[in-house]
Amino acid sequence: MDAQEVALLAVRLVLGVIMIAHGYNHWRGGGRIAGTARWFEGLGLRHGTLQAWASVVTEIGAGAAVAAGFLTPFACAAVISVMAVAGLLAHRANGFFVFKEGYEYVLLIAVAAAALAALGPGTASVDHLAGTELTGWGGGGVAVLLGALGTATLLALTWRPGRGGDVR
């Protein structure tokens, strides 16, 4: 494996593990599903319990798929969407820096996912082994477009502006 392949593998594994840990924490950490549901409702999202479970399944599933390099542009789209929702509802009003609960971290995760989708998962991936790699503008475009569409759909269907989580 050359340096680029090792770098892609490292990015995939770290990004995937971060997403899995994030989903696991929403499920089993702190306030568990009930606490996550209350937090989501406080951000202005309806159906907090459903949102919490959808978040857990999406984060763990997308994280595992990213780590394995499986359907990479679609897995990256899920990561982008989760981070965009978090950035808009939980972090945007706090400014840029993560130490002030700003959007710095979620922006970095989303951009890393978009870059991974464009660069492709590398040769040490399920996509490569299956011959289904979609890279370049196609892979990046699918991830960004579907990520934005997922974000817009979730917000249109479940977000109640003015009840926490106002996007300014």
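Mentor: A pocket is an open set of points on a 1 Å grid over the protein atoms alone, where a 1.4 Å probe fits and protein lies on both sides within 12 Å along at least five of seven lines; lining residues have an atom within 4 Å of a point. A volume is the space filled by probe spheres set on the points, which are joined across faces, edges and corners. This is a predicted model, in which local features need pLDDT of at least 70, side-chain atom pairs count only at pLDDT 80 or more, and totals for chains, interfaces and linings use all residues. Residues are numbered from 1 along each chain as its sequence is written, and side-chain values use heavy atoms, without hydrogens and water.

Trainee: What volume has the largest pocket?

Mentor: Rolling a probe the size of a water molecule over the atoms shows where empty space is left. Here the volume of the largest pocket is about 490 Å³.

Trainee: Which residues lie nearest its centre?

Mentor: Of the 25 lining residues, these are F40, S55, E59, V82 and V85. Helices α1 (3–28), α2 (32–42), α3 (48–68), α4 (72–91), α5 and α7 (136–158) each give two or more residues to the lining; a helix is a DSSP run of H or I, at least four residues, numbered from the N terminus. The largest share, 9 residues, comes from α4.
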